[in-house]
Amino acid sequence: MAKGKLTFNENLCKGCGLCVAACPKKILELDKTRLNAKGYHPATCVNPDECIGCAFCATQCPDVVITVERF
Amino acid sequence: MAVVFEPTKGLTDKPFHYCPGCCHGIIHRLVAETLVDNDALETAVGVASVGCTYNSYEYIACDMVQAAHGRAPAVATGIKRNLKDSFVFTYQGDGDLASIGTAEIVHAAARSENITVIFVNNAVYGMTSGQMAPTTLVGQVTTTSPWGRDPSYQGYPINVSEFLSNLAGAAYVERVCVTDYKNIQNAKKAIQKAFNVQKNKLGFSLVEVLSTCPTNWGKEPLAAMDWLKENMEKQYPLGCYKGADITFDADGKYVSGAIPATANNCVNVGEVKK
């Protein structure tokens with residue numbers, strides 16, 4: 001049961017991967033199948049049901065891509 | 001459903017021009033959040049420096065000016081002495097503050113100017129393509145120390161927080177980093193404390209933030225974070241170097257602690273006539 005919901009402003013993402021490493025549930029990945037407007041592989045949540053809404057990813061993101069909601 | 005994290009109003013909509021994984025974005029956000037938390041966005045004045053942060057006036061949604069290379073503390077001095085109720089801060093890198101602007105920062109601290117300095121230390125000149133900075137570690141490879149920094153030829157790194165904390169005029173000096181969630185929260189607390197120090201007119205405050213430069217270090221963003229933890233934190237230990245005992249109440253009002261005005265142990269050989 002998901003406790004959090006992530007919204008990505010994908011076109012700001014630069015694919016640095018800091019959020020991927022910061023996530024305690026390991027549910028974030030860089031989507032290697034897509035490119036955003038800047039030409040980077042954007043970060044995405046592969047298993048939204050596992051999200052706990054801790055906001056570690058959003059806090060670590062240097063480009064303010066992620067908005068976090070908690071239920 | 002509650003929003004626990006959203007882009008702060010203290011930042012403009014303009015996307016950062018910084019390289020992927022650069023810590024400047026995190027530090028910009030912390031400064032902007034502190035301004036919003038203290039309802040100071042309308043009155044604050046920032047001074048941008050030269051370096052990768054030259055464009056920070058485009059990103060932080062308060063009034064900002066840009067100073068000549070290294071001169072941000074001098075410009076901030078003039079602004080603060082005229083706008084006494086504004087929160088005045090400078091945002092400087094290590095090439096700007098520790099090399100070209102050494103005189104300005106030392107004398108701003110010695111005069112105990114009531115300004116706040118956000119000092120971003122990434123051990124390299126970032127914008128000009130990675131030359132050796134005064135803060136470059138011994139043995140670190142840069143474009144102007146291609147065999148690693150050799151102390152017999154290029155000298156030793158400058159620990160800015162340590163030497164500024166020795167000045168009687170410095171009220172609050174702390175070194176933090178932004179490598180993980182806990183450290184980012186500590187960095188935000190340090191910036192908030194520096195804000196309170198200035199609001200209570202206690203004197204000069206400086207927050208040194210250790211940052212990565214993945215591009216010029218030649219590392220992936222995550223590897224750069226690890227390199228910072230393994231190497232930079234040894235040369236530049238985190239912690240509060242001055243003003244650790246200063247405390248504020250919940251409203252940000254000064255409660256206790258040694259400040260330059262009372263803890264100053266300088267020899268006084270005569271009364272000041274006004």
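1. Let's start inside chain B: B:Tyr91 has B:Ile118 as its bridge partner in β5(B). One caution is that this is a predicted model, where local features need pLDDT of at least 70, side-chain atom pairs count only at pLDDT 80 or more, and totals for chains, interfaces and linings use all residues. As for labels, residues are numbered from 1 along each chain as its sequence is written, while chains are lettered from A and ligands numbered from 1 in the order in which they are written.

2. Strands β4 (residues 88–93) and β5 (residues 116–121) of chain B pair in the parallel sense, over five bridges. Pairing here takes at least two DSSP bridges between two strands. Strands (E, at least two residues) and helices (H or I, at least four) are DSSP runs, numbered from the N terminus.

3. Now zoom out to the open sheet of chain B: seven strands in the order β3-β2-β4-β5-β7-β6-β8, with mixed pairing. Its edge strands, each pairing on one side only, are β3 (63–66) and β8 (239–242) of chain B.

4. Where do the chains meet? In total, 23 residues of chain B are in contact with 22 residues of chain A (contact means C-beta atoms, placed from the backbone, within 7 Å). On the side of chain B that touches chain A, β1(B) gives the most, with four residues.

5. Strand β1(B) also pairs with strand β4 (residues 66–70) of chain A, in the antiparallel sense and over three bridges. There, A:Val68 stands opposite B:Phe5.

Note on methods: Contact = placed C-beta atoms within 7 Å.
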